[in-house]
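Hi,

Here is the structure I said I would pass on.

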Amino acid sequence: MQQPGPQDIRRHRLRAQRLWDHPADDAEAALRWLLAFQSQEYAYARWSLAQRTGGQARDYAADVDAAIAAGTILRTHILRPTWHFVHRGDLRWLMLLCAPRLKAGNKGRDRQLGLDTATVARSNDVLAAAVADGRHRSRDELASKLTEAGLLEDDGVKLNGAPLRGQRLGHLVFHAEMDRILVSGTPRSADSGAVQQTYAAFDERVPPLSADFGRDAALARLTARYFASRGPASVKDCSDWSKLPQADIRRGLEAGGQEGLELAQADGVDLWFSPAAGSNGGTATAEDESPRADLIQCYDEYVMGYSKTRGYLGGPAPAALSSTVPQHVLLLDGKMAGNWKHVLKPGSAELRLKPLRAFSAAERQSVDGAVERYAAFLRRPVTLELA
C-alpha cells in the first residue's frame, strides 16, 4: 500500500476497526483493541461495540451491558475530553498521559465558576468519602453530599443562561475523575427507563499498573495501538484524537510505537498503518461483496478517529447538534450515504433514514440487512422510514 486510493483506505480502516472481517470475541476485546471509544451518546455507543463482535456476542447489547456493570468497561472523561469507554486495564496509564493537560486546560473555566485549589481539594475529600467501601453513587447523590458540605449552594444563580450549581457540580466531578478519585460505577435504571450513570471509587474499579513505565513508554503504547486499530492515519489524526501534541505522537513512534506498522502516502500525506490489521487474509469474505451497508453512530471511531483525513468518509459527520438532519451515519462500501436515528416505542422502534442519494435495488437490500442487524441489537422489531 505505497500509494493507496480512497477505497483502499476505507476498506483497510473498516477491517482494522473490526467493522469488517475481523470481529472481536466480545465487547471487552473490541474495546481493548480500540483503546478508547467516544461514548457521549450512551445508547448508540453500546451499539458501536456490539457491532464489532462476533459469535454469540454479535450485536448483543446485554454483552456490552454486563461488561459495563462489572467495571470491565468504564465510562469516564479522557482524551479530548468527553465521555469515553475505556477498558479498566488501560485507564490508569491513559490518565498519566492525559490528566495533567486536561486539568491545566480547565483553569480558565475553574476561575469562571469560582473553583480554586482549596475548593477542589475539599470536594475531592467529600466525594471520596461518598463512594468509599464499595458504594456507587448517582450524580444527584454526589450533589447532595457536596451541598451538605457547603460546597454546592442551591441559590438559583445562573451563568451564561444555565444554573451555576449544575455547572459547578459537573466540574467538581470532572476534577475528581482527573485526580483518580471517581470513575464510573454500575449503571442504574431510572424511573423513566433511561440508564443512569453512577460513580465509584477509582482505586476499587481500576487495577494498579503491572509495572512502572515512563512517559515515552506510554506514548509508544498509545501510538502503536491507535495506528494499528485506525490506520491508515496521519500523525495529525492521532494528535487530534488524543489531544496530545504532534511532537508527542512522533516521539511515541520513535520510542517503539511504530513496531508492526508501515508508512504509505496518499494525497501528499504520510499515513501509518498495520498491514496485518487491515488484511482479509487473501480470501473473499462477505464484506468484500458490494454493496455493503453499515449503520454507525455519529461518534463512531470510523468518524472520530480522524481529523485531517476524515474526508475519506465521503460526507460531513458528525452533523451539528443544531442540525435537523439525523446525526448518525449510513455507510455504503465504507462511504457515507445517509443519516439516521432511532425512535424507540413500547416494544418496537423506527429507524428514520435520510439518504444522500437514491439507492439501487442491491443497495436497498443491503440497507435492509443492516437494519435487521440493528433490530437484533435492540431486541425489538424495527421498521425503516425513508425521509
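Let me start with Tyr 374. Leaving out residues up to four places away in sequence, Tyr 374 touches Tyr 44, Trp 47, Leu 295, Trp 340, His 342 and Leu 351. Bear in mind as you read that this is a predicted model.

Tyr 374 is also one of the two residues with the most contacts inside the largest nonpolar core, the other being Phe 85. That core has 36 residues. Helices H2 (27–34), H3 (42–50), H4 (61–70) and H15 (361–378) each give it two or more residues, and so do strands S13 (293–296), S14 (328–332), S15 (335–345) and S16 (348–355). The top contributor is H15, with 7 residues. Another core lies apart from this one; it has 34 residues, including Val 183, Val 206, Leu 219 and Leu 222. As background, nonpolar side chains in soluble globular proteins tend to be buried together.

S14 and S15 pair antiparallel over 5 bridges, with Leu 331 having Met 336 in S15 as its bridge partner. Their hairpin has 2 residues between the strands, and Asp 333 there takes a positive phi near 55°. S15 then pairs with S16, again in the antiparallel sense, over 8 bridges. Here the bridge partner of His 342 is Leu 351 in S16, and both of those residues are on the list of Tyr 374 contacts. The hairpin of S15 and S16 also has 2 residues between the strands, and Gly 347 in the turn has a positive phi of about 80°.

There is also an open sheet of 3 strands, in the order S1-S3-S2 with antiparallel pairing. S1 (36–38) and S2 (73–78) are at the edges with a single partner strand each, so one side of each has no neighbour in the sheet. From one strand to the next, the twist averages 35°. S1 and S3 (residues 82–87) pair over 3 bridges, and Gln 38 stands opposite His 84 in S3.

Is Asp 59 buried or exposed? Asp 59 sits in the loop between H3 and H4, and it counts as buried because its relative accessibility is 4%, where the limit for buried is under 20%. Apart from neighbours within four places in sequence, its contacts are Trp 47, Ala 50, Gln 51, Thr 53, Arg 373, Ala 376, Phe 377 and Arg 379. Its C-alpha is 28 Å from that of Pro 207, which is 148 residues away along the chain.

On helix packing, the axes of H5 (residues 88–105) and H9 (residues 164–178) come within 10 Å and cross at roughly 145°. The crossing is left-handed. H5 makes the contact with Met 95, Ala 99, Leu 102 and Lys 103, and H9 with Phe 174, His 175, Glu 177 and Met 178.

Last, the cysteines. How many disulfides are there? The count comes to 0. For Cys 238, the nearest cysteine sulfur belongs to Cys 98 and is 11 Å away, whereas a disulfide needs the two sulfurs within 2.5 Å. Cys 238 is buried, at 0% relative accessibility, and Cys 298 is buried with a relative accessible area of 0%.

Cheers

Conventions: Residues are numbered from 1 along each chain as its sequence is written. This is a predicted model: local features need pLDDT of at least 70, side-chain atom pairs count only at pLDDT 80 or more; totals for chains, interfaces and linings use all residues. Side-chain values use heavy atoms; hydrogens and water are left out. Buried means under 20% relative accessible area, exposed over 50%, partly exposed in between (1.4 Å probe, protein chains only). A nonpolar core is a set of buried Ala, Val, Leu, Ile, Met, Phe, Trp, Tyr and Cys residues joined through side-chain atoms within 4.5 Å. Helices (H or I, at least four residues) and strands (E, at least two) are DSSP runs, numbered from the N terminus. Contact means heavy atoms within 4.5 Å. Two strands pair if DSSP finds at least two bridges between them. Axes are lines fitted to C-alpha atoms, for helices over the stretch in contact, and angles run from 0 to 180 degrees between N-to-C directions. A crossing is left-handed if the near helix is turned anticlockwise from the far one by less than a right angle, and right-handed if clockwise.
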